[in-house]
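This report describes one protein chain, starting from a single residue and ending with the chain as a whole. The sequence and structure come first.

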Amino acid sequence: NKNNNYYLLIFYLLVSFVCSELYFIYYYERPIFIYFIILIVSFDTFSYIFGSLFGKKKLIPKISPNKTILGFIYGFLFTMFISTIFNYYFEFFNFFKAILFSILIIISSFIGDLIESFYKRISGIKNSSNFIPGHGGFFDRLDSFVMGVIMLLFFSHFA
């Protein structure tokens, strides 16, 4: 049912906003938050670049027709490489905690992107706006953050 999907979307967004607020109230550390943003931007950027240039085989075409397997793999690998370099120089976490953090943020970022793509498909919307031409709209820049911040809160609390 379409209405149930929209209620789930509203719930998802509210959970994300609450998690964001809780993170900023109880756990916020500027360097970790910047690291988090760098991981999200790196994954989105490298997935897009490599997927556009080399990706042939679609990852989940019914939900997000432009995502490719190679885009995901190279986005993941390059983001892990960048994460390792940043963590080495800035010592955010020990090595294993940094790897865990990076994997969790990348996967949650990807899932957030898929959720937004799913809702765009069921709504018949290609772009959420023309605010950033060629990027699917303003919300395409935030979709990874919406799910990622939930994981950021859980990681900050339990790690």
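Beyond its neighbours within four places in sequence, Ser117 is in contact with Ile63, Ser64 and Lys67. The model is predicted. Ser117 sits in helix H4, which covers residues 95-123. Ser117 counts as buried because its relative accessibility is 5%, and the cut-off for buried is under 20%.

Which residues of H2 are buried? They are Ile32, Phe33, Tyr35, Phe36, Leu39, Ile40, Ser42, Phe43, Asp44, Ser47, Phe50 and Gly51. An α-helix has 3.6 residues a turn, so residues three or four places apart point the same way. Among the buried residues of H2 are Phe36, Ile40 and Asp44.

The protein chain as a whole contains five helices and two strands. Read from the N terminus, these elements follow the order α-α-β-β-α-α-α. The table collects totals for the chain.

| Property of the protein chain | Value |
|---|---|
| Buried residues | 37% of the 159 residues |
| Contacts joining residues at least 24 apart, among those between residues at least 6 apart in sequence | 70% |
| Accessible surface | about 9700 Å² |
| Part of the accessible surface belonging to carbon and sulfur atoms | 71% |

Technical notes. Residues numbered from 1 in each chain as written. Predicted model: local features only at pLDDT ≥ 70, side-chain atom pairs only at ≥ 80, totals over all residues. Heavy atoms only, no water. Buried < 20%, exposed > 50% of the residue type's maximum accessible area, 1.4 Å probe, protein only. Helix = DSSP H or I, 4+ residues; strand = E, 2+ residues; numbered from the N terminus. Contact = heavy atoms within 4.5 Å. Areas by Shrake-Rupley, 256 points an atom, 1.4 Å probe, with all protein chains shown as cover.
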